[in-house]
Amino acid sequence: MSTEYIQAAYDKVNQANLIMMQALDFSYTEAWHENLQNIANGVLQVIDGQPNPEIAQKIQALYDQVDWDKFSERERLQVLQLIFLEAERQDQLQANHQMTPAGIAMLLTYFASRLLQTRGQSKETPLKVFDPTVGTGNLLLMVQRGLEEGGYQVASVGYDNDDLLLAIADQSFKFLDRQAKFYYGDVLENLLLEPVDLVVADLPVGYYPLDEQAKTFKANTMDQGTPHAYAHYLMIEQSLKYMQEGAWGIFLVPTQILQEDYSAQLVQAIAQTGYFQAFLNLPEGLFRQAKARKSVLMVQKQGGGAKQAENVLIGDIPDLKDQENMEKFIDSFSKWSQDVL
């Protein structure tokens, strides 16, 4: 399908969002959830007479102009991602609520696939994948799609403490006919979660306000002078608790995380049950500001034949559009993964 059809579908959904937004005094993100739920379920929901019949008719007319049956899953996903970007613009969403960009999600999918392959992960049994901060679900969705296309049977679980973003993730998976379980709550509490084979996360950066709970973690930095513990530190440690022996965790973190005054606390917390295996800086061109740049941290749970890499992989990922250097990087990563595993 041409990009014109994808753009046309986006335009219709965007119009429906703007109408819903004004009619119900919603944010754009709230309006998008309402419309996405309607589209995914095939029914325009009216509660307590809202939206009123006139507005409902206008929105239904927009729905009827898009034949989603003619869209492939990839094309549906492209429309979703365009709408996510518009929601970020309309609502000026804070960085922790923004969608993980598709290019970065694809790169993390490659890393996950390669590490699972060299580890000898079975394709006969469900692969348990966990995102402790799933948000709108774009990262988990793309990783699941990539792994399933590679022949894995994926059982995904996502946690978040934002019920609206979590609901969007749930409806996005339904819209794409993908399966996953989503849980609303504090991921740093005790979880009813079986050990997982892979963790992927675009970690939120900031303080965790529940000090008593933070004190149960090795990565708690309050005794080093911070007002509260760093939430992203705790989430890495928490993820390790719920990983199978030898499982991998792949995290998007601030590039400056290892230069922070308290980074030793994080490294020590990882070393309690895991191995710090790789730290790769994403290309600067992907970020508007240098301080917003992110890196990929890879950790592995101890046991199951896992070992500390003799050479921790540290470096820069080339521009994703630089085919020659990307091929060299992929070859280098492939050789490294063979050595560490």
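Where in the structure is the place of Thr221? In this predicted model, Thr221 sits in the loop between helix H8 (211-214) and strand E6 (229-230).

Leaving aside residues up to four places away in sequence, Thr221 touches Thr226, His228, Ala229, Tyr230, Tyr233, Tyr262 and Gln265.

## Nonpolar cores

The largest nonpolar core contains 73 residues. Within this core, the residues that touch the most other members are Phe111, Leu198, Ile250 and Met298. The element that gives the most to this core is helix H5 (residues 102-119), which contributes 8 residues.

The contacts of Leu198 illustrate the packing in the largest core. When residues up to four places away in sequence are not counted, Leu198 touches Ala112, Leu116, Lys128, Val129, Phe130, Val143, Leu147, Trp248 and Ile250. One of these contacts, Ile250, is itself listed with Leu198 among the residues that touch the most other core members.

## Aromatic pairs

The model has 16 aromatic pairs. One of them joins Tyr110 and Phe333 in a tilted arrangement, with 5.9 Å from centre to centre and 55° between the planes. Tyr110 belongs to helix H5 and Phe333 to helix H11 (residues 323-340), so this pair ties together parts that are 223 residues apart in sequence.

Rolling a probe the size of a water molecule over the atoms shows where empty space is left. In the whole structure, the search finds 2 cavities of 30 Å³ or more. The largest cavity holds about 60 Å³ of space. Its lining consists of Thr29, Trp32, Phe84, Ala87, Glu88, Leu93, His97, Met99, Thr136, Leu165 and Ile168. At least two lining residues come from each of helix H2 (28-41), helix H4 (73-91) and helix H7 (163-175), and H4 provides the largest share, 3 residues. By class, this lining comprises 7 nonpolar, 3 polar and 1 charged residues.

The second largest cavity has a volume of about 30 Å³. Lining this cavity are Lys12, Val13, Ile39, Leu62, Tyr63, Val66 and Trp68. Two or more of the lining residues come from each of helix H1 (3-24) and helix H3 (53-64). The class count for this lining is 6 nonpolar, no polar and 1 charged residues.

## The second largest pocket

The second largest pocket has a volume of about 250 Å³. Of the 16 residues that line this pocket, Asn38, Ile39, Gly42, Tyr63 and Trp68 lie nearest its centre. Three of these residues, Ile39, Tyr63 and Trp68, also line the second largest cavity.

H2, H3 and H7 each supply at least two residues of the pocket lining. By class, the pocket lining has 8 nonpolar, 3 polar and 5 charged residues.

Ser172 is found in helix H7. With a relative accessible area of 1%, Ser172 is buried. Its contacts, not counting residues up to four places away in sequence, are Leu36, Leu80, Phe84 and Thr136. Among them, Phe84 and Thr136 also belong to the lining of the largest cavity.

Ala180 lies in the loop between H7 and strand E3 (181-184). At 23% relative accessibility, Ala180 counts as partly exposed. Apart from residues up to four places away in sequence, Ala180 touches Gln144, Ser156 and Phe173. Ala180 and Met21 are separated by 159 residues in sequence and by 28 Å in space, C-alpha to C-alpha.

Conventions
Residues numbered from 1 in each chain as written. Predicted model: local features only at pLDDT ≥ 70, side-chain atom pairs only at ≥ 80, totals over all residues. Heavy atoms only, no water. Core = buried A, V, L, I, M, F, W, Y, C linked by side-chain atoms within 4.5 Å. Buried < 20%, exposed > 50% of the residue type's maximum accessible area, 1.4 Å probe, protein only. Helix = DSSP H or I, 4+ residues; strand = E, 2+ residues; numbered from the N terminus. Contact = heavy atoms within 4.5 Å. 1 Å grid on protein atoms, 1.4 Å probe; cavity = no way out; pocket = protein on both sides within 12 Å on 5 of 7 lines; lining within 4 Å. Points joined across faces, edges and corners; volume = space filled by probe spheres on them. Nonpolar A, V, L, I, M, F, W, Y, C, P; charged D, E, K, R; others polar. Phe/Tyr/Trp six-rings, centres within 6.5 Å; stacked < 30°, edge-to-face > 60°.
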